[in-house]
Structure formats: C-alpha cells, structure tokens
Amino acid sequence: PGGGLAPHFSTFASGLGDETRTKLRRMLADGTLPPDPASAGLSCAVCGVESEVRKVTLVKNTGMLIARTTETVQGNLCRSCIRTKASAFTTHSVFFGWWGVISFVVTIVAIPMNLIHYFGAKSLSPVPEDAVAPELTPIVVERLRPLAVSMADLLARGKAPVDVCHPAAKRTGVTPGQVHLFLVALAGAKG
C-alpha cells in the first residue's frame, strides 16, 4: 500500500502473528491470493469495474498470405467488455482472417468461439452505470480493520479468497473488490 495507508497495514500485519503473515505472503507469491480483483474474478480485466464477470478467451486473427497475427484477450470480463471485444474481434476476423492456410483454420475456430462468448454474455448481469474499479481508501481500511485477523486466518487455513471477500464485503458495507485489495495490501505489508 502506498502513501498514507502504509502505517495502517504495518500495524495490522504485526498483529497477525508470524505464521499467518508468512502464509499470506506465500499465497501472494504463489498466486493462491491473486494480485488484483480481476484475477480473483471480482472485477473486469479490461475496464476494471466491479461487476459480474466470466472467464473468456477472445481471438482476433489477421491472415497475410504467408504470415499471420493473432490478438487474444483472455481473463475475467464483464458483459459490456465481452460483447464489445467479441464483436470487434469477430468482425475483423471475418474480413481479414482468411488470407492464408493456417489463418483460414484459425479463423474457422475463432469466429464461432467469439460468437459463443458474445451471445453467452447475455446471461451476465448488465454492468451498472455507476460501476467503478475498486479502490482502497482510508474509510474502507477502517471498516475492514476489525476483520483483518479473522480474514487472514481464514485465508491461511485454505479458504478461497473469493469466499472470504464476499461475506466480509456484505458485513462491512464495502465491495468484494475492496476487500480483496485490502487482503493483498495486508499480505504485502511489513510488520
């Protein structure tokens, strides 16, 4: 955590106990505790907003007779980003994906895959107009501070981060993405 929040996390971290702190740091290092809310499935990897997301792989293929390029977007995306990216990638592939033998095959796979994700995104909740990327603020830190030790212990005992974030968010009136940012900051805090 940067700036004025760093002293708060040092205090929390020192109250966790060496074994719990070590486990949290190890979880952050090995990816068990994802480094950001998007990797944890709590926000969109493209736009960053907190909304319902789905793990997708979208492909844009460009054939150039003897060469080709492929652009891929992979990760947890919100409904808006899935539909926008799938539409753009599919349109591009329809017009520019066929030019080459390998590109022809890649395009035959990419277009249906993109369309499946495009139409499948309809089952996700629409992104609220006021949706924003989660941010760790002093108010959020103060709301979560009383739960710091219990959340760290749950993670250290093997509970999935998402299963810790949702109940804590509901209990404290913050968002699951903010809880996740708090846990990551706690794992990285010196103490």
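Me: What forms the nonpolar patch on the surface?

Reply: First off, keep in mind that this is a predicted model. The patch is made up of Leu65, Ile66, Val94, Phe95, Phe96, Trp98, Trp99, Phe104, Val105, Ile108 and Val109. Together they have about 1200 Å² of accessible area.

Me: Which elements give two or more residues to it?

Reply: Helix 3 and helix 4 do. Helix 4 gives the most, with 4 residues.

Me: Let's pick one from the list. Where is Phe96, and is it partly exposed or buried?

Reply: Phe96 sits in helix 3.

Me: Ok, zoom in on Thr107. Why is it called buried?

Reply: Thr107 has a relative accessible area of 0%, and buried means under 20%, so Thr107 qualifies. Thr107 lies in helix 4, which covers residues 101-120.

Me: And what is Thr107 in contact with?

Reply: If you leave aside its neighbours within four places in sequence, Thr107 is in contact with Asn61, Ser93, Gly97, Trp98 and Pro112. Trp98 is also one of the residues in the surface patch.

Me: How far apart are the ends of helix 4?

Reply: Its end C-alpha atoms are 29 Å apart. At 1.5 Å a residue, its 20 residues should span 28 Å, so the two values agree.

Me: New topic: the inside. How many residues has the largest nonpolar core?

Reply: The largest nonpolar core has 25 residues. Those with the most contacts inside it are Leu144, Met151, Leu155, Val179, Phe182 and Leu183.

Me: Which element gives the most to this core?

Reply: Helix 8 does, with 7 residues. The elements giving two or more residues include helix 8 (176-188), helix 2 (18-30) and helix 5 (138-144).

Me: What does Met151 touch?

Reply: Not counting residues up to four places away in sequence, Met151 touches Leu144, Val164, Ala168, Val179, Phe182 and Leu183.

Me: And what's in the second core?

Reply: That separate core has 13 residues, among them Val56, Leu77, Ile82 and Leu124.

Key
Residues numbered from 1 in each chain as written. Predicted model: local features only at pLDDT ≥ 70, side-chain atom pairs only at ≥ 80, totals over all residues. Heavy atoms only, no water. Buried < 20%, exposed > 50% of the residue type's maximum accessible area, 1.4 Å probe, protein only. Contact = heavy atoms within 4.5 Å. Expected span 1.5 Å × (residues − 1). Patch = residues over 30% accessible without salt bridge, like charges linked within 9 Å, V, L, I, M, F, W, Y side chains within 5 Å. Areas by Shrake-Rupley, 256 points an atom, 1.4 Å probe, with all protein chains shown as cover. Salt bridge = Lys/Arg side-chain N within 4 Å of Asp/Glu carboxyl O. Core = buried A, V, L, I, M, F, W, Y, C linked by side-chain atoms within 4.5 Å.
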